Amino acid sequence: MKTPNHTLSALQCPVTLADVDLFSPGAQEHWYEAYPILHREAPVQRIAGEGLLPGSDGYILTRYADIARVVRDPVRFPATLSLAVDAILRSGLPPDQVPDTNAMVAAMATLRPTDELWRAHRKELTDPWVGPGATRHAPMIARTADRLIDGWIDRGRVEFIGEFARPLPQRVMASVLGFPESDIPRLAEWGAAQVTAFVHGRGHRNQLTREQLQEQFRVLAGFREYVHEIVQEKRRNPADDMISWLTGVTYQALGRPLTDMEINGIVYAMIIGGLETTQYALEEQAQLLCEQPGLFASIRGDRTAIRAFIEEAMRLRAPTQGLSTRITSQDEDFQGISVPKGSLLHLRFAAGNVDPQEFECPYEFQLDRKAVTRHLTFSAGPRVCPGAGISRVEQTIAWERLFERLGNIAYAPGNTFLHQPGIMLGTLELHLEFQRAR
Ligand code: HEM
């Protein structure tokens, strides 16, 4: 197996396996040129010395079948978060006082330390709001999308991320959780602080320096206080929102109500998971509509195709390209490569989605692709993304409103198409021009 050539200039397109390093600065500009090389020559790529423990290695999995097998088997491939939770429980400290532990992980220690409780947590606490129950937010999402479109529809031009794709999930999640709209700028700042590691972290483990970590915890101390105050207020005056509901619910799996710390952790998870992901799904979908001749007009003429459109777009341009979230609990074999017990697995969902062994003509956008939802963009198995429901509703309604109000879209001048650093696939800006629908 060859070692990546780190001297390749960040913006240069990889040609041979030696050029491929998915985590070097600027690598995101050419991820989709790297995936066929990995599939062909190194579908299981070792990253020497980059495991969780000293002396262990990381492995990048790019085959659909391998990733699907890993995420469906939590016993053989435990989640790294479970290790963090075990460490918290072993420390004997109150979870929110364990050093370097964020609110989400602290709440996992008490609410879902086992696979069974993980499932109960989803079913009882998040599904009603951001899972299957997310359809209840449809009217609010449509109103929010329309208000954003009102802001630029007369201009014929829009910076699509700043004026639509970013504020939409921010406003939607604020409304779902029960935060006042005036607090959205602060929530956006905290949201950005939460995802620091996924944007600025180094390597496949998204590692932050000690200084970056300290800064992150400093900023997020404000978030913790803010949520604490909101929770107190909702306990006194509950409204029709997720936080109010969490203050009153009995978590049947444990037969008790939730503590402030636990509600704080669930809110943290909703913010860290719910903003940039949907933002970049929308942004890449807009790009596909600009790039695929006739696609906009054909979906505009048949809106029932929106659902297939968002799924096929998420397959082809997964917002969360990959995460290093599982370890091997025993020696394994992937594609004939031995992967020892204790290795850290980087699951490259985006590469699995374009695996030619799983998808015919994988790099083609096909609106009529069979079983269009079988991509790995939300992962799969017991730990599948709990917010997939609301994200799908947001994307569907966003496009329903956009197809209703715009007659066409095209790239406007001024796009660099440069991507945000880190693990997400998304450009920093996207300038579009359009005509209003008649
Ligand atoms: C297009 C949008 C989204 C994508 C691509 C996405 C993708 C993912 C992926 C790949 C995982 C890892 C699952 C695993 O480890 O197997 C995940 C986990 C997670 N996602 Fe999403 N997600 C999206 C939207 C959302 C939304 C809208 C929310 C919240 C409302 C959310 C909340 C979470 C949380 C909290 C986790 C951690 C696991 C847990 O706490 O159960 N995600 N997501």
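How many helices and strands are there in the protein? There are 18 helices and eleven strands, where helices (H or I, at least four residues) and strands (E, at least two) are DSSP runs numbered from the N terminus. Before I go on, please keep in mind that this is a predicted model, in which local features need pLDDT of at least 70 and side-chain atom pairs count only at pLDDT 80 or more, while totals for chains, interfaces and linings use all residues. Residues are numbered from 1 along each chain as its sequence is written, and side-chain values use heavy atoms, with hydrogens and water left out.

Let me begin with the overall dimensions. The C-alpha atoms of the protein fill a box of roughly 65 × 60 × 40 Å, taken along the principal axes. A compact globule of 438 residues would have a radius of gyration near 22 Å, and the protein, with 22 Å, agrees with that; the radius is taken over C-alpha atoms, and the globule rule is 2.2 Å times the number of residues to the power 0.38.

Now to the sheets. Strands of a sheet pair through backbone hydrogen bonds, either parallel or antiparallel, and here two strands pair if DSSP finds at least two bridges between them. Strand 2 (residues 58-61) and strand 9 (residues 344-347) pair in the parallel sense over four bridges, and Gly58 stands opposite Leu344 in strand 9.

Another open sheet has three strands in the order 3-11-10, with antiparallel pairing, and its edge strands are strand 3 (157-159) and strand 10 (406-411). Strand 10 is joined to strand 11 (residues 431-436) by five bridges, and Leu406 stands opposite Arg436 in strand 11. Two helices lie across strand 10 and strand 11: helix 14 (residues 276-291), running at about 90° to strand 10, and helix 18 (residues 388-405), at about 100° to strand 10.

Which elements, then, supply the shell around the ligand? Helix 5 (115-130), helix 13 (260-274), helix 14, strand 6 (323-327) and helix 18 each supply at least two residues, and the largest share, four residues, comes from helix 13. By class, the shell has eleven nonpolar, ten polar and three charged residues, counting Ala, Val, Leu, Ile, Met, Phe, Trp, Tyr, Cys and Pro as nonpolar, Asp, Glu, Lys and Arg as charged, and the others, Gly among them, as polar.

Of the 24 residues around the ligand, those that come nearest are Arg112, Gly273, Arg326, Ser379 and Cys385, a residue being near if one of its heavy atoms lies within 4 Å. A polar side-chain atom of Arg112 lies 2.9 Å from an oxygen atom of the ligand, and one of Arg326 lies 2.8 Å from an oxygen atom of the ligand. At Gly273, a backbone N or O atom lies 3.2 Å from a nitrogen atom of the ligand.

Definitions and conventions
Contact = heavy atoms within 4.5 Å. Axes fitted to C-alpha atoms, helices over the stretch in contact; angles between N-to-C directions. Polar contact = N/O pair within 3.5 Å; in protein donor to acceptor, adjacent residues only side chain to side chain.
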